[in-house]
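Thank you all for coming.

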Amino acid sequence: MRYVLLLCLSVLLWSCGDDNAYDTDFDAGEDFTDSNIRVLSIDTMTVEMSTMKFDSLITSDATRILVGQYTDTVFGKTTASSYFELLPSSYSISNDAVFDSISLFLGYDNYYYNDTLQTSSIHVKRLTSKVKPPQGNSFYNTQSIAHESQDLGVISFTPRPLGGKDSVEIRLDESFGEDLFERIQNKNISTNDQLREYFKGVVLQPGEDDNGAVLGFSTTSGNTYLRLYYSTRETEEATVKYTDFTITTGNSPATFFNGIVSEDSNTLFSNLTSHKTLLSSSDTGNRTFIQSGRGLATRINFPSVRSLYDIQGTGTVLSAVLKIKPANTYYDKNLSLRDTLNIYVVDQNNDISEQLTTSESTALQAILNRENQEFNEVYFEVPLGTYLERLLTATREDRSSIILIPNEYSSSIDRMVLNGENNVDYKATLEVIYAVYDENQE
């Protein structure tokens, strides 16, 4: 291990006082300030990186509808579909009303991933089973619900999630709309339970051959809804009216979720059949991988942290920053990078135990440093001072690790390739500022 002695005391004072930069709970007490102090910069501690995959993710708490499909050479084909029931606010249609048409409106929520210049398709299919979890109250990304094979409605279009139209309108089968209209008008359907028996909900699916973008649509009632149009003659001219059916999120049991699946038999991840299985960076070209929605995460541990005890004297971690570079050739304007990653702690079985936070309980994040982006020198800075100090001072061996995942992990399909600890382009490096005091004097 190589140590670099920092002779300037101002480095120590700055390290102690800047929580945002270094995330440390270090408190310079009397014993510390009255001692001879050495401040060491260490950048040769062992870092071990790997890729893991969660068995499944809860997606019934997702913040958006996801639908679309794309294929890339690393992650294979990723397909997102959305399942939900639709309920009206009232079951009142006047007897003199006449059916007009029925459409599903999907309001963009500004999220998309991959190429929106390619044509996308959305197939609306009628569910044949109710939107109810088979167990518990939640749905997972790997689940699906039985549905009819024929389309209730379909559209092919060029997405415009940013600017352009605010929503996508999909005209639905008129015979279905007229039948639904008549059942409500004739009071054959007047409650939610009666509607669920007749119309259990829909699934939105991309086209089988689509290779463009996964799109995000809002779940709020003002943006996404099924609209049943009809008209009445309250005057000489017909008056157009409608009844809206909307998605309900936050239900228990859930009545909405996204299904996200991947065809990965020819990818590096085909052997990740359990969340306890690890794919070492050394076995994947010194790279690790992340993909939201699907459950891939980068796992990192620091097996040599206790070697700091080999340094003579009493010491403390003032700061620790892990620097990891996204692999240059695996991102572009379509497969874009996010500016932050969340940091979680997992145990030896890769079960999440907590999210890393500051002493003020603010979530810590890995931040993408873009200062030299024009030279492709971008890298994530992961603040780990508090975490390493905890590993160092634990009363017994701490076998935990950290994982890096994007924000909205269950509501997006962002993917990322990171350079590992031995990558020749830019290896992941842990930079530790370590203060030593009460050192025995010769």
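Gly 201 is buried, with a relative accessible area of 0%, where buried means under 20% relative accessible area, exposed over 50% and partly exposed in between, with a 1.4 Å probe and protein chains only. This is a predicted model, in which local features need pLDDT of at least 70 and side-chain atom pairs count only at pLDDT 80 or more, while totals for chains, interfaces and linings use all residues. Residues are numbered from 1 along each chain as its sequence is written, and side-chain values use heavy atoms, with hydrogens and water left out.

Gly 201 sits in the loop between α5 (192–198) and β11 (202–205), with helices (H or I, at least four residues) and strands (E, at least two) taken as DSSP runs numbered from the N terminus. Setting aside neighbours within four places in sequence, Gly 201 is in contact with Phe 84, Glu 85, Lys 125, Arg 126 and Leu 127, contact meaning heavy atoms within 4.5 Å. Lys 125 is 76 residues from Gly 201 in sequence, yet the C-alpha atoms of the two are 8.6 Å apart in space.

Ser 412, in the loop between β24 (401–405) and β25 (415–419), also counts as buried, at 1% relative accessibility. Its side chain makes a polar contact of 3.3 Å with the side chain of Ser 292; such a contact is a pair of N or O atoms within 3.5 Å, where within protein one must be able to donate a hydrogen and the other to accept it, and residues adjacent in sequence count only if both atoms are side-chain atoms. The side chain of Ser 412 also reaches the backbone oxygen of Glu 408 at 2.9 Å.

In helix α6 (residues 385–393), the buried residues are Gly 385, Tyr 387, Leu 388, Leu 391 and Leu 392. Seen down the axis of α6, they fall within an arc of 165 degrees, so they line one face of the helix; the arc is that of the directions from the helix axis to the C-beta atoms.

Finally, the pockets: on a 1 Å grid over the protein atoms alone, a pocket is an open set of points where a 1.4 Å probe fits, with protein on both sides within 12 Å along at least five of seven lines, and lining residues have an atom within 4 Å of a point. The largest pocket has a volume of about 340 Å³, that is, the space filled by probe spheres set on the points, which are joined across faces, edges and corners. Of its 17 lining residues, Phe 54, Leu 57, Ile 352, Ile 405 and Tyr 409 lie nearest its centre.
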